[in-house]
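Work through the exercises below with the sequence and the structure at hand. Each task is followed by a solution in steps.

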Amino acid sequence: MLDRAQVEQVYARLSQAMPGRTKDAKGPKGQPDPFRSCISCMLSAQSLDSNTAKAAKALFALARTPEDMLALTGEQIAAAIKPCGLYNVKARNIRKFCEALLADHGGRVPATREGLLSLPGIGRKCADIVMSFAFGEDVIAVDTHVHRVCNRIGLTQAKTADKTAQQLEDRSPDWAMRDGHFWLIQFGKRICSARAPKCEQCPVSDLCEYFGDTRD
Ligand code: SF4
């Protein structure tokens with residue numbers, strides 16, 4: 001695993017090569033709505049971004065609040081979110097999430113990780129995405145791209161995304177917490193992709209522990 005000086009170097013180079021938190025990342029009208037962020041993240045499990053977007057669009061056309069959502073039957077929710085797969089399970093989770101939100105939080109999404117994690121269907125990744133995107137907190141949310149690149153480079157050494165998230169929080173410098181997610185996710189999409197990483201274009205290849213050996 002990289003030492004602290006090397007971790008600083010990785011972030012410094014990625015900050016030069018990749019875009020950080022942008023206006024687009026917050027959505028065209030500013031911070032995204034926390035309720036919709038939670039639901040979108042629940043829909044995104046094991047789904048391509050394009051299919052998640054289709055499902056979210058169809059669902060939010062029917063319901064935009066927890067009350068509206070609970071006015072729908074599970075079958076209606078499942079039919080709307082079919083494009084993102086696992087629709088029956090996700091529809092059940094969405095209803096449980098809305099019920100808990102209304103019962104325990106007056107229908108308002110809590111703005112703390114602890115509060116978010118207390119809600120059904122919200123794990124560490126979703127909690128951190130909502131904290132970062134909807135509440136503007138300096139949190140590095142770990143999705144599959146971030147998990148992969150962090151463990152290839154040696155920023156972290158973890159088998160699960162949740163453990164990667166904890167190690168990143170412990171090892172990342174404060175100055176990298178605001179934009180770290182955006183640098184890492186863009187790096188994972190553009191350079192250090194899952195199947196064919198472009199190691200010859202990589203700005204951190206001299207630090208990467210898996211340069212030329214991407215068998216994960
Ligand atoms: Fe990814 Fe290759 Fe760069 Fe390592 S050298 S971080 S595997 S692109």
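## Exercise 1: Arginine 124

Task: State which helix holds arginine 124, and decide whether arginine 124 is buried or exposed.

Solution. 
- Arginine 124 lies in helix α8, which covers residues 124-134. The model is a predicted one.
- The relative accessibility of arginine 124 is 12%.
- Buried means under 20% relative accessible area.
- Arginine 124 therefore counts as buried, at 12% relative accessibility.

## Exercise 2: The surroundings of arginine 124

Task: Which residues does arginine 124 touch, not counting residues up to four places away in sequence? With which side chains does the side chain of arginine 124 make a polar contact?

Solution. 
- With residues up to four places away in sequence not counted, arginine 124 touches Arg113, Leu117, Asp162, Ala165, Gln166 and Glu169.
- Another joins the side chain of arginine 124 to the side chain of glutamate 169, at 3.4 Å.

## Exercise 3: Helices α8 and α10

Task: Describe how α8 and α10 are placed relative to each other, and list the residues of α8 and α10 that meet.

Solution. 
- Two packed helices are described by the distance between their axes and the angle between them.
- The axes of α8 and helix α10 (residues 161-171) come within 9 Å.
- These axes cross at roughly 45°.
- α8 and α10 are therefore oblique to each other.
- On the α8 side, the residues are Arg124, Lys125 and Asp128; in α10 they meet Asp162, Ala165, Gln166 and Glu169.
- Sorted by class, the contact of α8 with α10 has five charged residues, one polar and one nonpolar.

## Exercise 4: The domains

Task: Into which domains is the chain divided, and how many residues does the contact take from each?

Solution. 
- Domain 1 consists of 4-23 + 140-201, and domain 2 of 32-134.
- The contact takes 12 residues from domain 1 and eight residues from domain 2.
- Taken over C-alpha atoms, the centres of domain 1 and domain 2 are separated by 26 Å.

## Exercise 5: Threonine 52

Task: Find the helix of threonine 52, decide whether threonine 52 is buried or exposed, and list its contacts.

Solution. 
- Threonine 52 belongs to helix α3 (residues 49-62).
- Because its relative accessibility is 9%, threonine 52 counts as buried.
- Leaving aside neighbours within four places in sequence, threonine 52 is in contact with Ser40, Leu43, Ser44, Ser47 and Cys84.

Terms used: Residues numbered from 1 in each chain as written. Predicted model: local features only at pLDDT ≥ 70, side-chain atom pairs only at ≥ 80, totals over all residues. Heavy atoms only, no water. Helix = DSSP H or I, 4+ residues; strand = E, 2+ residues; numbered from the N terminus. Buried < 20%, exposed > 50% of the residue type's maximum accessible area, 1.4 Å probe, protein only. Contact = heavy atoms within 4.5 Å. Polar contact = N/O pair within 3.5 Å; in protein donor to acceptor, adjacent residues only side chain to side chain. Axes fitted to C-alpha atoms, helices over the stretch in contact; angles between N-to-C directions. Parallel < 35°, antiparallel > 145°, perpendicular 65-115°, else oblique. Nonpolar A, V, L, I, M, F, W, Y, C, P; charged D, E, K, R; others polar. Domains from an automatic or database assignment.
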